[in-house]
Amino acid sequence: MAEVFHRRFFLNGPVGPLEALLWTSAAPNPARAAVVCHPHPLFGGTMHNKVVFQTAKALHSRGFPVLRFNFRGAGQSVGEHDRGRGEAEDVRAAIDYLAQEFPAIPIVLAGFSFGSVVGLKVGCADARVQELIGLGIPVNDSDLSYLKTCAKPKLIIQGANDQYGARDRVKSFFKQIPEPKQLVEISEADHFFAGKLEQVSAAISVWIDALL
């Protein structure tokens, strides 16, 4: 049995240290490693966001080591918000770290809200990332068109009452992205899945179990 520990540390980010938290796994040969990207830092988003935490917990329960980190300018991470451009480089730094710590283990990348917009774009293009999870994708005012050419397995989890991802827009957009894909709509949930986080966790667990 491998040693299990939670490690707080700083990643080597493109513009300076990025505050990070790694949960390791007891599995001697984990099937995946995971990175979870947080929502918009200018609106209070950090790696401690409830949706991010619940997602990390669900992935960790499947035996995956899980990395969370704060984008530049959030928490104790160095730098300033860069409207998603520099944050994409932060995601790459997180993937680099996981690939170094867990060589040859495929990565599943999850992102919530702003973290989905930035993180999934990087994950689609990076061969080390095998699967993608988007939570609360803000289709109302964000460019997610890159997903239309992304053939990696994708799980989209959306609140039926998401104020940043209108139900009809999400369904229309989902039809345009290639298989393999799955859309899980959480009934009566808002953008932050208030009171519905257990359903988010269950959807992730079911999808991962079917995938593996």
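Phe-53 counts as partly exposed in this predicted model, because its relative accessibility is 36%. Trp-23 has a relative accessibility of 7% and therefore counts as buried, since the limit for buried is under 20%.

These two residues belong together. Across the whole structure, a search finds six aromatic pairs. Trp-23 and Phe-53 form one of them, with an edge-to-face arrangement. Trp-23 belongs to strand E2 (residues 16-23) and Phe-53 to helix H1, and the 30 residues that separate them make this a link between distant parts of the chain.

Another aromatic pair is made by Phe-112 and Phe-193, and this one is tilted. Phe-112 sits in strand E5 (residues 107-112), whereas Phe-193 sits in the loop between strand E8 (181-186) and helix H5 (197-211), so the pair ties together parts that are 81 residues apart in sequence. Both Phe-112 and Phe-193 are buried.

The table sets out the geometry of the two pairs.

| Pair | Type | Centre to centre | Angle between the planes |
|---|---|---|---|
| Trp-23 and Phe-53 | edge-to-face | 5.6 Å | 85° |
| Phe-112 and Phe-193 | tilted | 6.3 Å | 50° |

Ring pairs also join Phe-69, Phe-71 and Phe-114 into a cluster.

Phe-112 has a further partner. Setting aside neighbours within four places in sequence, Asn-49 is in contact with Phe-112 and with Pro-39. Asn-49 is found in the loop between strand E3 (33-37) and helix H1 (50-61). Its side chain reaches the backbone nitrogen of Val-51 at 2.8 Å. Is Asn-49 buried or exposed? Asn-49 counts as buried because its relative accessibility is 16%, and the limit for buried is under 20%.

The next topic is empty space. Rolling a probe the size of a water molecule over the atoms shows where such space is left. The largest pocket holds about 760 Å³ of space. It is lined by 27 residues, and those closest to its centre are His-40, Phe-114, Val-117, Pro-138 and Ser-142. Two or more lining residues come from each of helix H2 (85-101) and helix H3 (114-125). Which element gives the largest share of the lining? H3 does, with six residues. Sorted by class, the lining of the largest pocket has twelve nonpolar, nine polar and six charged residues.

Terms used. Residues are numbered from 1 along each chain as its sequence is written. This is a predicted model: local features need pLDDT of at least 70, side-chain atom pairs count only at pLDDT 80 or more; totals for chains, interfaces and linings use all residues. Side-chain values use heavy atoms; hydrogens and water are left out. Helices (H or I, at least four residues) and strands (E, at least two) are DSSP runs, numbered from the N terminus. Buried means under 20% relative accessible area, exposed over 50%, partly exposed in between (1.4 Å probe, protein chains only). A polar contact is a pair of N or O atoms within 3.5 Å; within protein, one must be able to donate a hydrogen and the other to accept it, and residues adjacent in sequence count only if both atoms are side-chain atoms. Contact means heavy atoms within 4.5 Å. On a 1 Å grid over the protein atoms alone, a cavity is a set of points where a 1.4 Å probe fits but cannot get out, and a pocket is an open set with protein on both sides within 12 Å along at least five of seven lines; lining residues have an atom within 4 Å of a point. Grid points are joined across faces, edges and corners, and a volume is the space filled by probe spheres set on the points. Ala, Val, Leu, Ile, Met, Phe, Trp, Tyr, Cys and Pro count as nonpolar, Asp, Glu, Lys and Arg as charged, and the others, Gly among them, as polar. Rings of Phe, Tyr and Trp (its six-membered ring) pair if their centres lie within 6.5 Å; planes under 30 degrees apart count as stacked, over 60 as edge-to-face and the rest as tilted.
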